[in-house]
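Subject: Structure handover

Hello,

Here is the structure for you to take over. Please open it first, then read the notes below.

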Amino acid sequence: MAQTIGVGLVGCGMIAAVQAEAIARLAEHSPAARLVAVCTRGLARGEAFVQRYGGTAYQEYDSFLAHPGLDLVSICTPSGTHAAYGIRAAEAGRHVLVEKPIEIDLPRADSLIDACDRHQVRLGVIFQSRFLPAVQQMEQAVRQGRLGRIFLADAIVKWYREPSYYAPDSWHGTLALDGGGALINQAIHTVDLLRWMAGPVRQVAAFRGALRYPHLEGEDTLVASLQFESGALGVIEAATSAKPGFLRRLELSGERGTILLEGDSIGHWRIDGEDPPQLITEDLTNGAANPSAISPEGHRRQIAEMVEAIVEQRPPLIDGREGRRSLELVDAIYRSAQEARLVRLTPA
């Protein structure tokens, strides 16, 4: 009989519902996954959640961690709480999966990575965009050197969020729980793809502001200029101020041509000496104006890979150290904007 991994969710908000839908789709996957428990501060909300998705609801975290058959704890809480929940799960011998970003600062991320290493459990970080077919088609071309040397590499995320998203009682845009704003929360998926494909960044210069929503501690608008270790140059634009919100773009231009990702689809593909391939078009992660407009399919693919990693006793494709690399770039961008200076990243 195929092994089934018991998954518990911490939190039962919007992204937890996306993950619950994704886990439900893995029932026929081999190895399979099953939602066995949910932990949330409001027990009534948790009971409503498990009535829809299954499992047992808990309000007390230690009781949740002791649930029979719990193998993997997936943390769907505000970003600034990921390490605290993840470390306790590792100490209980549970594998850990956290939503992006791994944490809001590097010391906390390192504490979580170290705890999972010490207790010999797997740690994964959700960057589901890497599992999308169009993204993999683009990354393969870059990895095979078909663009030649990369000259320009840009990540453009001009999204919009309604005022209610940043309401006074929301954790969004706060430094304590969000770690910033549009860059670390919304744009980090595309920033992760940029760094994954174009390689390490040498130095950054950035500006940011709370322009549409001045009450924010974090930013709703940010621009950064990058120099990569390869010598390529690039730009990151991250916004939740760009009404009405537009598909995110990832643009790579090299000596032999250009590939452009728009949303989850290839929007342009031109490489010297090649006929354009059959271009992949999807629309799975379009949160341009609505954060709940996310298909569970990307999460399904990544959670399936995480489950396989647990069963095969190997690191997942996006483990804690890989997840940390995108946070390191975000941290450098924020330091540049805060200190009004060029920031050089430490070579890997």
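Two strands pair if DSSP finds at least two bridges between them. Helices (H or I, at least four residues) and strands (E, at least two) are DSSP runs, numbered from the N terminus. This is a predicted model, in which local features need pLDDT of at least 70, side-chain atom pairs count only at pLDDT 80 or more, and totals for chains, interfaces and linings use all residues. Residues are numbered from 1 along each chain as its sequence is written, and side-chain values use heavy atoms, with hydrogens and water left out.

The six-stranded sheet

Start with an open sheet of six strands. Its order is E3-E2-E1-E4-E5-E6, and the pairing is parallel. Strand E3 (56–58) and strand E6 (123–125) are the edges. Each has a single partner strand, so one side of each lacks a neighbour in the sheet. On average, neighbouring strands are turned by 25° against each other, direction ignored. Axes here are lines fitted to C-alpha atoms, for helices over the stretch in contact, and angles run from 0 to 180 degrees between N-to-C directions.

Strand E2 (residues 32–39) runs parallel to E3, joined by three bridges. Cys 39 has Tyr 58 of E3 as its bridge partner. Helix H2 (residues 43–53) packs on the sheet and touches strand E1 (4–10), E2 and E3. Contact means heavy atoms within 4.5 Å. The direction of H2 makes about 165° with that of E3.

Further along, strand E4 (residues 72–75) pairs with E5 in the parallel sense over four bridges. Ser 74 has Leu 97 in E5 as its bridge partner. Strand E5 (residues 95–98) is covered on both faces. His 95 and Leu 97 are buried on one side, Val 96 and Val 98 on the other. Buried means under 20% relative accessible area, exposed over 50%, partly exposed in between (1.4 Å probe, protein chains only).

Helix pairs

Helix H1 (residues 14–24) packs against H2 at about 25°, with the axes 11 Å apart. That makes the two roughly parallel. Angles under 35 degrees count as roughly parallel, over 145 as roughly antiparallel, 65 to 115 as roughly perpendicular and the rest as oblique. On the H1 side, Ala 16, Ala 17, Ala 20 and Glu 21 make the contact; on the H2 side, Phe 49, Arg 52 and Tyr 53 do. These residues divide into five nonpolar, no polar and two charged. Ala, Val, Leu, Ile, Met, Phe, Trp, Tyr, Cys and Pro count as nonpolar, Asp, Glu, Lys and Arg as charged, and the others, Gly among them, as polar.

Helix H5 (residues 106–118) and helix H9 (residues 320–339) cross at roughly 175°, their axes coming within 10 Å. H5 and H9 are therefore roughly antiparallel. The residues of their contact divide into four nonpolar, one polar and six charged.

Strand E7 (residues 150–158) pairs antiparallel with E11 over six bridges. Asp 154 has Glu 251 in E11 as its bridge partner. E7 also runs parallel to strand E10 (residues 233–239), with seven bridges. There, Leu 152 stands opposite Leu 233.

In helix H6 (residues 133–143), the buried residues include Ala 134, Val 135 and Met 138. Among the elements covering the buried residues of H6 are helix H7 (182–198) and strand E11 (249–254). After H6 comes Gly 145, with a positive phi near 75°.

Best wishes
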